[in-house]
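Subject: Handing over the structure

Dear colleague,

I am passing this structure on to you, and I would be grateful if you could look through it with the notes below at hand.

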Amino acid sequence: MYGKGIRVRGGRVLGVALAAALAFGLGPADVARADTFVPLPGAAISRTLGDGTVMTVRITEESANISGSMGSTPMHRNVWTSARATIDLDGPTASSATIKISPGYIVGCQVDIGSFSPSENASEQATIGQSGITPGLPTETMGAGITLGPGQAKALLMLDLEKPDDYGQESHKRYNKVPGPHAGVTWVDETFAVDGCGGYAQARSFVAAEVDSTYYIGNLVLYGQPFSIG
């Protein structure tokens with residue numbers, strides 16, 4: 001019913017296509033509520049790494065579309081999100097460095113998720129592991145429903161790249177790794193559902209970036225503006 005897609009780029013089309021699907025039952029038309037479209041300003045920040053390379057992380061073209069459940073209960077929300085996350089390098093090792101990018105959303109129930117960074121465009125250090133980045137939170141896969149109680153928050157990770165490991169077994173990585181100087185991920189109408197939160201709920205985008213050069217490894221997390229999901 002709803003189109004969705006993620007495009008992953010690293011200076012060129014990488015041929016990686018990702019999709020997440022979430023099925024919703026249809027309830028009576030007279031209990032459906034109108035969607036709320038929320039345009040968002042995105043965010044950007046630059047940092048100079050130890051070897052002199054400038055790393056710029058951006059979230060652009062960001063928006064969210066929020067609706068209540070078809071059952072019209074305050075405990076359930078559905079959210080459709082769109083945005084673009086990019087990382088650009090400029091400097092001595094920009095072309096030879098490797099970029100890891102891992103975007104997602106933090107979702108909280110009756111908790112101030114703005115406290116994860118000191119300002120709207122602030123950054124924090126993070127390490128990107130095989131499972132992606134987690135700012136001290138439990139993680140879920142984007143496109144799946146999550147259940148939150150008061151005071152709880154979770155990180156929804158956008159990427160789930162499947163590939164064989166060194167032994168031919170299935171492995172999953174929650175980030176994309178590309179050669180510099182540019183990496184980007186675009187998503188359109190990617191959806192998630194929040195269940196169990198009877199009070200106010202918020203979400204905010206983030207993009208975690210790691211740059212590996214010959215002499216230096218740099219990590220940043222950029223957060224977007226928090227927005228209410230009811």
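The notes that follow take up the cores, the disulfide, the salt bridges and one hairpin.

Please keep in mind that this is a predicted model, in which local features need pLDDT of at least 70 and side-chain atom pairs count only at pLDDT 80 or more, while totals for chains, interfaces and linings use all residues. Residues are numbered from 1 along each chain as its sequence is written, and side-chain values use heavy atoms, with hydrogens and water left out.

I begin with the interior. A nonpolar core here is a set of buried Ala, Val, Leu, Ile, Met, Phe, Trp, Tyr and Cys residues joined through side-chain atoms within 4.5 Å; buried stands for under 20% relative accessible area, exposed for over 50%, and partly exposed for what lies in between, with a 1.4 Å probe and protein chains only. The largest such core has 44 residues, and Met55, Val107, Phe227 and Ile229 are those with the most contacts inside it. Among the elements that give two or more residues to this core are strand E5 (54-68), strand E6 (76-90), strand E7 (98-109), strand E16 (201-212) and strand E17 (217-223), where helices (H or I, at least four residues) and strands (E, at least two) are DSSP runs numbered from the N terminus. Apart from this core lies another, of ten residues, including Ile113, Leu137, Ala153 and Ala208. If contact is taken as heavy atoms within 4.5 Å, then Met55, leaving aside its neighbours within four places in sequence, is in contact with residues that include Ile45, Leu89, Val211 and Leu220.

A search of the whole structure finds one disulfide, that is, a pair of cysteine sulfur atoms within 2.5 Å. Cys109 and Cys197 form it, with their sulfur atoms 2.1 Å apart. Because Cys109 lies in strand E7 and Cys197 in the loop between E15 and E16, the pair ties together parts that are 88 residues apart in sequence. The torsion about the S-S bond is about 90°, so the disulfide is right-handed. Cys109 is buried, with a relative accessible area of 0%, and Cys197 is buried with a relative accessible area of 0% as well.

The structure also holds two salt bridges, each a side-chain nitrogen of Lys or Arg within 4 Å of a carboxyl oxygen of Asp or Glu. In one, Arg58 is joined to Asp88, the closest N and O atoms being 3.1 Å apart; Arg58 is partly exposed at 34%, and Asp88 is partly exposed at 25%. In the other, Lys100 is joined to Glu210 with the closest N and O atoms 3.5 Å apart, and since Lys100 lies in strand E7 and Glu210 in strand E16, the pair ties together parts that are 110 residues apart in sequence. Both Lys100 and Glu210 are buried.

E16 and E17 pair in the antiparallel sense over seven bridges, pairing being counted if DSSP finds at least two bridges between two strands, and a hairpin joins E16 to E17 through four residues. E17 is mostly covered, with six of its seven residues buried. Tyr216 lies in the loop between these strands and is partly exposed, with a relative accessible area of 33%. The C-alpha atoms of Tyr216 and Asp51, 165 residues apart along the chain, are separated by 6.5 Å.

With kind regards
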